[in-house]
Amino acid sequence: MLAADALVLNGRIDEAFAIMLAAVKVTVGSERDQMRSHLLELFVVVGDEHPSVSVARRALATALF
């Protein structure tokens, strides 16, 4: 999560989302929920108008189901 936060702060949005999506895919239970929640928080920080957010939201939905 810290790596993703640092990437967002440095404008490397796609890389940050990729790290968090990978974490969601390899975790289970409460840890997975924590990764998902943090990714959703990053979406808010970046803003829905950023094109990477909609792409990552779709990827998150796929990863969860």
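How far apart are the axes of H2 and H4, and at what angle do they cross? In this predicted model, the axes of the two helices come within 10 Å and cross at roughly 10°. Because angles under 35 degrees count as roughly parallel, H2 and H4 are described as roughly parallel to each other. On the H2 side, the residues that meet H4 are Ile13, Asp14, Phe17, Leu21, Val24 and Lys25, and their counterparts in H4 are Ser52, Val53, Ala56, Ala59, Leu60, Ala63 and Leu64. When the residues of this contact are divided by class, 10 are nonpolar, 1 is polar and 2 are charged.

Ser52, one of the residues on the H4 side of that contact, lies in helix H4 and has a relative accessible area of 10%. Since buried means under 20% relative accessible area, Ser52 is classed as buried. With neighbours within four places in sequence left aside, Ser52 is in contact with Ile13, Asp14 and Phe17, residues that are listed in H2 as part of its contact with H4.

The packing of H4 against H3 has another geometry. H3 and H4 pack at an angle of about 165°, with their axes 11 Å apart, which makes H3 roughly antiparallel to H4. The crossing of these helices is left-handed. H3 contributes Arg32, Arg36, Leu39, Leu40, Phe43 and Val46 to the contact, while H4 contributes Val53, Ala56, Arg57, Leu60, Ala63 and Leu64. By class, the contact of H3 with H4 comprises 9 nonpolar and 3 charged residues, with no polar residue.

The largest nonpolar core of the model consists of 19 residues, and those with the most contacts inside this core are Phe17, Leu39 and Phe43. At least two residues of the core are supplied by each of helix H1 (2-9), helix H2 (13-26), helix H3 (29-46) and helix H4 (51-64), and H2 gives the most, with 7 residues. When neighbours within four places in sequence are left aside, Leu39 is in contact with Phe17, Met20, Leu21 and Leu60.

Terms used. Residues are numbered from 1 along each chain as its sequence is written. This is a predicted model: local features need pLDDT of at least 70, side-chain atom pairs count only at pLDDT 80 or more; totals for chains, interfaces and linings use all residues. Side-chain values use heavy atoms; hydrogens and water are left out. A nonpolar core is a set of buried Ala, Val, Leu, Ile, Met, Phe, Trp, Tyr and Cys residues joined through side-chain atoms within 4.5 Å. Buried means under 20% relative accessible area, exposed over 50%, partly exposed in between (1.4 Å probe, protein chains only). Helices (H or I, at least four residues) and strands (E, at least two) are DSSP runs, numbered from the N terminus. Contact means heavy atoms within 4.5 Å. Axes are lines fitted to C-alpha atoms, for helices over the stretch in contact, and angles run from 0 to 180 degrees between N-to-C directions. Angles under 35 degrees count as roughly parallel, over 145 as roughly antiparallel, 65 to 115 as roughly perpendicular and the rest as oblique. A crossing is left-handed if the near helix is turned anticlockwise from the far one by less than a right angle, and right-handed if clockwise. Ala, Val, Leu, Ile, Met, Phe, Trp, Tyr, Cys and Pro count as nonpolar, Asp, Glu, Lys and Arg as charged, and the others, Gly among them, as polar.
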